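The sections below go residue by residue and helix by helix.

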Amino acid sequence: MEFLQDYRLLGLVIGICTFLIIGLFHPVVVKAEYYWGTRCWWIFLVLGIGGTVGSLLTENVLLSALLGVFAFSSFWTIKEVFEQQERVLKGWFPMNPRRAAHYESLRNKPSNR
């Protein structure tokens, strides 16, 4: 940690890790919606709360920052899972054939939009 601070690399390391964490969540959203639909949103809520608590409890700046990024990426994923369902309904992503009846019921549901 001292090395990163002495050579002023801490910001770059946090930036690179942030990029990787956010990049990791994209395929997680796609796979989670494919296999579990939107009912998995609470898992990301629990992960987000855990990351927030962990970020608040650690004194290490690097770990605290990365836990914060993880936490808010988890919170953002809740929104993305519901938007992923809409993308599947539009045909932009493949639908899970085992859940075809669920998607069909969503298509036939009257919309308030």
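Ile-22 sits in helix α2. The model is predicted. Is Ile-22 buried, exposed or partly exposed? Its relative accessibility is 48%, so Ile-22 counts as partly exposed. The cut-off for exposed is over 50%, and buried means under 20%. Along the chain, Ile-22 and Thr-77 are 55 residues apart.

Gly-15 and Phe-25 are ten residues apart in sequence. From C-alpha to C-alpha, Gly-15 and Phe-25 are 16 Å apart.

## The nonpolar core

The largest nonpolar core has 14 residues. Which of them touch the most other members? They are Leu-10, Ile-21, Cys-40, Phe-44, Leu-62 and Val-81. Two helices, α2 (10-36) and α4 (61-89), each supply at least two residues of this core. The largest share comes from α2, with six residues.

Ile-21 has contacts beyond its sequence neighbours. With residues up to four places away in sequence not counted, Ile-21 touches Leu-66, Val-69, Phe-70 and Ser-73.

## Transmembrane annotation

The UniProt entry is unreviewed. For "transmembrane region", the entry lists residues 7-29 and 41-72. How much of each span is helix? Residues 7-29 are 87% helix and 0% strand. Residues 41-72 are 91% helix and 0% strand.

The end-to-end distances follow. For residues 7-29, the end C-alpha atoms lie 36 Å apart. For residues 41-72, the end C-alpha atoms are 14 Å apart.

## Aromatic pairs

How many aromatic pairs does a search of the whole structure find? The search finds four. In one of them, the ring centres of Phe-3 and Tyr-7 are 4.9 Å apart. Their planes are at 45°, so this pair is tilted. The angle for tilted lies between the limits for stacked, under 30 degrees, and edge-to-face, over 60. Both Phe-3 and Tyr-7 are exposed.

Phe-72 and Phe-75 form an edge-to-face aromatic pair. The distance is 5.3 Å centre to centre, with 80° between the planes. Both residues lie in helix α4, three residues apart, about one turn of the helix. Phe-72 is exposed, because its relative accessible area is 56%. Phe-75 is partly exposed, because its relative accessible area is 25%.

## The loop between α1 and α2

Tyr-7 lies in the loop between α1 (2-6) and α2. Why does Tyr-7 count as exposed? It counts as exposed because its relative accessibility is 57%. Tyr-7 and Ala-101 are 94 residues apart in sequence. Their C-alpha atoms are 57 Å apart in space.

Arg-8 also has its place in the loop between α1 and α2. Phi of Arg-8 is near 55°. This is a positive value in a residue other than glycine. Arg-8 counts as exposed because its relative accessibility is 76%.

## Arg-87 in α4

Arg-87 lies in helix α4. Is Arg-87 buried or exposed? Arg-87 is buried, because its relative accessible area is 19%. The cut-off for buried is under 20%.

Which residues does Arg-87 contact, leaving aside its neighbours within four places in sequence? Arg-87 is in contact with Val-29, Glu-80, Trp-92 and Phe-93.

## Packing of α4 and α5

Helix α5 covers residues 100-108. How do the axes of α4 and α5 cross? They cross at roughly 85° and come within 11 Å. The two helices are therefore roughly perpendicular to each other. The range for that label is 65 to 115 degrees.

Both helices contribute residues to the contact. From α4 come Gln-85, Val-88 and Leu-89. From α5 come His-102, Tyr-103, Leu-106 and Arg-107.

Methods. Residues are numbered from 1 along each chain as its sequence is written. This is a predicted model: local features need pLDDT of at least 70, side-chain atom pairs count only at pLDDT 80 or more; totals for chains, interfaces and linings use all residues. Side-chain values use heavy atoms; hydrogens and water are left out. A nonpolar core is a set of buried Ala, Val, Leu, Ile, Met, Phe, Trp, Tyr and Cys residues joined through side-chain atoms within 4.5 Å. Buried means under 20% relative accessible area, exposed over 50%, partly exposed in between (1.4 Å probe, protein chains only). Helices (H or I, at least four residues) and strands (E, at least two) are DSSP runs, numbered from the N terminus. Contact means heavy atoms within 4.5 Å. UniProt positions are given in the numbering used here, feature names are shortened, and annotations may be inferred rather than shown by experiment. Rings of Phe, Tyr and Trp (its six-membered ring) pair if their centres lie within 6.5 Å; planes under 30 degrees apart count as stacked, over 60 as edge-to-face and the rest as tilted. Axes are lines fitted to C-alpha atoms, for helices over the stretch in contact, and angles run from 0 to 180 degrees between N-to-C directions. Angles under 35 degrees count as roughly parallel, over 145 as roughly antiparallel, 65 to 115 as roughly perpendicular and the rest as oblique.
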